[in-house]
Amino acid sequence: MQRCQNCGTELPENAQFCGQCGFTRSVTTNTQTISSNFTNYENMTQQSTGGVQKEEEEERRRRMLLGLPLLGDAQPSAGNAPMVQGSPSMGGVPMIQGTPSSGSMPMAQGSPSIGGAPAHELYNAGMSYQPQQLFPAPGQTPPLNPYGEFNNIAPPPTYHPFTPPPPTYHPVEPHRPVHKKGLRSIPIWVVIPVVIIIIIGGILGTILIFLPPSLSISGDTISGGTLNLHGIHFFPAGTVTLTLDNGQGLTLVSPVGPITVSGTGTFDATIGGTENWSVGQHTIHAQESSGGRNGELSFTLNANHTKVTPNVASFSSPGDAHCAYHGNQGWLCQSTISTSASALGKLVWSVASSGLNGITITPTSGSLAPGQTQQVTMAIPNTVCPATATFTFTFKGGEDPVSMKWSCATPQYYWNAVNCPQSNGDDVCPIVVQVTAKSEGLLSWTAYGNSSGVLINPQSGTIAPGQSQPISVAFPTNPCTNTSWSIKDTSGKVYTANLTCH
């Protein structure tokens, strides 16, 4: 067993340097063997004939000695060309660095392989490189060379390349994934809608910048009709306040409450109460609660040609079925008004009386939808008849009022014939004027004589139905002259009675 002269490490046989420290051993002991091997080769070459043949044989020997492929033979595998790096120089033996090249012969490409693995990989792994066995082992017959001769060359020394110590690996803590907070922790199904909303919001915002809000209207543009208002290009998800003309509030049928703009910047509203508007030009304002923009729409409200129809054309007393006479209270008359079922929009009506004081009406105004009815009561105080009154129905936004009339006839009255006894030189006739019980209203009368000397007391008065009025009529008895007297009522009728002398 050999040891390194520098570090004392055990070395294999024929090792030329220490694989542990790289110290080069003395090669004196091997010089003689190698020299003798070359001598044997020289003796063998002398037996060959021919100058050229000797040179070829010499070339073959050299290639065999160096482990190179022979000329004319198939290129040996890279495993037969050992790569020896860092080997010390020996006497008479050339050093081999990498892949040798000789003359025109092709070089072995790549590094030689040993057992299927490249030699440099074995070298880097710290393994000793053993070239392919060219020489017989101890006790075996030497192999023949290509010329049928024994190779008596001693095997070349075995070189052990320097094996570097294995690298030192420091333990490293295994990598642990760290979950970062932020957007990565948000599920993708949450992020996508948010991104879509942001994109849509940006598009709508751009549209709102360049397109001002605007309004359009549809429906019945008549008084009492329903208007459908549509707005576009308003701020999405905002609210809008609607006003008419100079800030007048609007009656909304729908929605009930504030008007909310949709996500696309539009809204729809149904407006009622136009029966309370005047006929003519109007402007609707739509003011944003945020953003301060205002949409405007001007339009013309047309007159409503719908009218009410009373179920009674007129009242006539006495004997009217729609009127009731209650003596001192007067008359209580009722009428039902309605609109056609095919009418357009609601109709706001009002009623007033003329021609007679003291009349009360219930109700005096109202709103009628198409086909709707309304009962109206007229209270007419007890009055002297004949008399007349007029009830006039007018409409907001409509045309041509509708009128109803009431009238009462002169009450019927009479007096009975009486005897006229003398008193103080006159014939005195006690006359009683009575109004029939079926009469309605008050009787107003005036009495006068048809000749001089006729005295009447009282000369006028008012009598209610069922009541009577005593009247004294006197005329002279000496000289006595036939004469007459008359009663005139408010209708202008005159009733005359004769006065006859006895």
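Trainee: What is the relative accessible area of Cys 501?
Mentor: The figure is 21%, so Cys 501 is partly exposed. Buried means under 20%, exposed over 50%, and partly exposed lies in between (1.4 Å probe, protein chains only).

Trainee: Before we go on, what sort of model is this?
Mentor: It is a predicted model, where local features need pLDDT of at least 70 and side-chain atom pairs count only at pLDDT 80 or more, while totals for chains, interfaces and linings use all residues. Residues are numbered from 1 along each chain as its sequence is written, and side-chain values use heavy atoms, with hydrogens and water left out.

Trainee: Back to the cysteine. What is Cys 501 joined to?
Mentor: Cys 480, by a disulfide with an S to S distance of 1.7 Å. A disulfide here is a pair of cysteine sulfur atoms within 2.5 Å.

Trainee: Which parts does that pair tie together?
Mentor: Cys 480 lies in the loop between strand 30 (468-476) and strand 31, and Cys 501 in the segment after strand 32, so the pair ties together parts that are 21 residues apart in sequence. Strands (E, at least two residues) and helices (H or I, at least four) are DSSP runs, numbered from the N terminus.

Trainee: How many disulfides does the structure hold?
Mentor: It holds 4. Counting bonded cysteines along the chain, the pattern is 1-2, 3-4, 5-6, 7-8.

Trainee: What about Cys 385?
Mentor: Cys 385 forms a disulfide with Cys 408, the sulfur atoms 1.9 Å apart. Cys 385 sits in the loop between strand 21 (373-380) and strand 22 (387-395), and Cys 408 in strand 23 (residues 402-408), so the link ties together parts 23 residues apart in sequence. Both cysteines are buried.

Trainee: New topic. What is the strand order in the open sheet of 4 strands?
Mentor: The order is 29-27-31-32, with antiparallel pairing. Strand 29 (460-463) and strand 32 (494-499) are the edges, each pairing on one side only. Neighbouring strands of this sheet are turned by 25° on average, direction ignored. Axes are lines fitted to C-alpha atoms, for helices over the stretch in contact, with angles from 0 to 180 degrees between N-to-C directions.

Trainee: How many bridges link strand 27 and strand 31?
Mentor: Strand 27 (residues 443-449) and strand 31 (residues 483-489) pair over 5 bridges. Two strands pair if DSSP finds at least two bridges between them. Ala 447 has Ile 487 in strand 31 as its bridge partner.

Trainee: Last one: where is Ile 192?
Mentor: In helix 4 (residues 188-210). Ile 192 is partly exposed, at 44% relative accessible area.
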